[in-house]
Amino acid sequence: NTTLETHGFAAEVGRLLDLVVHSLYSEREIFLRELVANAADATDRRRFESLTEPGLAPPEAAKVRIIPDKPARTLRIADDGIGMTHDELIANLGTIARSGTRAFGETLAAAKPEDRPSLIGQFGVGFYSAFMVADRVEVTSRKAGAEAAWTWASDGQGAFTIAPGTREEAGTDIVLHLKPDADEFLDPIRLEAVVRKWADHVTLPITIARDGKDVPANEGTALWRKPKSEVGEQAYAEFYRHLGHIFDQPWTTLHWRAEGALEFYSLLFIPGSKPFEPMEQERVSRVRLHVRRMFITDQAELLPPWLRFVQGVVDTEDLPLNVSREMLQSTPVLARIRKAVTNRVLTELKTKAKDAETYATFWENFGAVLKEGVWEDSEHRKELAALLRFRSSAVEGWTSLGDYVARMKEGQEAIYFLAGDTTEALGRSAQLEGFRARGIEVLLLADPIDAFWPDRMDAFDGKPIRSVTQGAADLSRLAPLDAPEGEAADATALVAALKAALEDEVSDVRVTDRLVDSAVVMAAGGSGPDLQMQRLLRRAGR
Ligand code: ADP
Ligand code: MG
């Protein structure tokens, strides 16, 4: 055949193909995401071109068709997009035209062989990912506005051919001759599951051929891209349940579009109840990252761990579809999105905190998680301090640090807390006696994390935060109690005797002002860890 041309792949394509084909792939289904994305892009491009050249407009019913053919063992992906000319087939499918793919290829080559599968699985490698499931790929394309069609074909082994082809209308057909172990992609049910997972929110209709019919396979809407005024409570709640597989109502819904230097859409929810899984299990945010509607990953850590209870989606135009893991960590775009999204959630919490009753629901569900931020995030520590709520020795219900400070006794310089296992037990603790007797309020902290964060927060509103177990020196400076009847006994001899008897058990024995009814109390040294912290460290075997 004289019209058959053979071309060698550009060297870098050869290397990339080698890696793709020879990595064992756990998530090779993403080839379909890549091909569907290309089809959708091509259709968009055709629509765009038709703005200036109306004759190029795609048909009204433009869609992506996925057609499995069991007897032939092929999978066809057909679109009504812009199509490619002879030269474009060579340029687009024979070289790596895009910096994104090149960067990805480099990341992939640098990765340890055992890490490659998940790298490919997560981020795809564009068109070439077809060779994960196919040992031969044929692309027949007809450019919109052109008469001729061309067929590009390759077995992914270093060369491809180009020959005249036939196609009635403009657009592109990709035919995959599936590898022997890729049978699953002939099953319409399996194909539908893949489309639902990765491309549910692509607006272009996607159909899968089944029993001679084209069955719609994608939702076709991206709720988060609709204007807020067009989305009802009901639709939000449904989407929320679909996201988290939970059946409660969101406590709050955040839906906004960022415009300007940074462009993204975001739809976030704070759940109305605690999840079934304990929140300590996985300390990462699972907010989903989409790029132009296409799902990319739920491991981009779009929010800090202490906001991991927030669920939802961020969809941006500012990243390539095959953003690599390295890029996820290093790209300034994502860093800026993270910052914007985190601030937005904090602002919402601040607003909601004005309504004590509503905020209490949130606090009881996720307060303990939020406190982790005070411990580990110096940047947001101050903002978070205002969002904290506590049980207290002086008032019913929840109280804030601000309220505590407003109630402080004259001459009181610090904010006092007592940490332990339950608020009930803390309320009865002998450690409180001296403070109670002097009318000094003590915050009762009963979450495990409470043993840690106060250490990192030096002060609130200029007032140091102090554990009542760390020395009682403060008490004697504060309002002294009325002297008890009769003469105060001299305890010097008793202290000496106790010191001798407990030599190995305690580091010191002191007379204290902090007790009223009880005879003795355990105290932590002035420096060093607080008592509850010591208990936790002991439990952790340290
Ligand atoms: P990307 O889509 O990120 O550019 P790909 O490897 O997925 O990278 O595709 C390479 C190029 O091939 C695309 O940029 C596009 O020009 C062309 N292409 C791929 N699939 C199609 C298609 N279905 N219709 C038209 N052009 C396509
Ligand atoms: Mg692509």
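Which helices each supply at least two residues of the shell around ligand 1?

1. The helices in question are α2 (30-49), α3 (86-94) and α4 (99-110). Helices here are DSSP runs of H or I with at least four residues, strands are runs of E with at least two, and both are numbered from the N terminus. α2 gives the most to this shell, with 5 residues.

2. This is a predicted model, in which local features need pLDDT of at least 70, side-chain atom pairs count only at pLDDT 80 or more, and totals for chains, interfaces and linings use all residues. Residues are numbered from 1 along each chain as its sequence is written, while chains are lettered from A and ligands numbered from 1 in the order in which they are written.

3. The protein has a mean pLDDT (the predictor's confidence in each residue, from 0 to 100) of 87, and 89% of its residues reach 70 or more. The model scores are ipTM 0.99 and pTM 0.74.

4. Around ligand 1 there are 18 residues, of which Asn38, Ala42, Asn92, Gly126 and Phe127 come nearest. A residue counts as near if its C-beta atom, placed from the backbone, lies within 6 Å of the molecule. The shell comprises 7 nonpolar, 7 polar and 4 charged residues.

5. An open sheet of 5 strands with mixed pairing runs in the order β15-β17-β16-β19-β18. Its edge strands, β15 (391-392) and β18 (459-460), each pair on one side only. Two strands pair if DSSP finds at least two bridges between them.

6. Within this sheet, β16 (residues 415-419) pairs with β19 (residues 463-467) in the parallel sense over 3 bridges. Tyr416 stands opposite Arg466 of β19.

Technical notes: Ala, Val, Leu, Ile, Met, Phe, Trp, Tyr, Cys and Pro count as nonpolar, Asp, Glu, Lys and Arg as charged, and the others, Gly among them, as polar.
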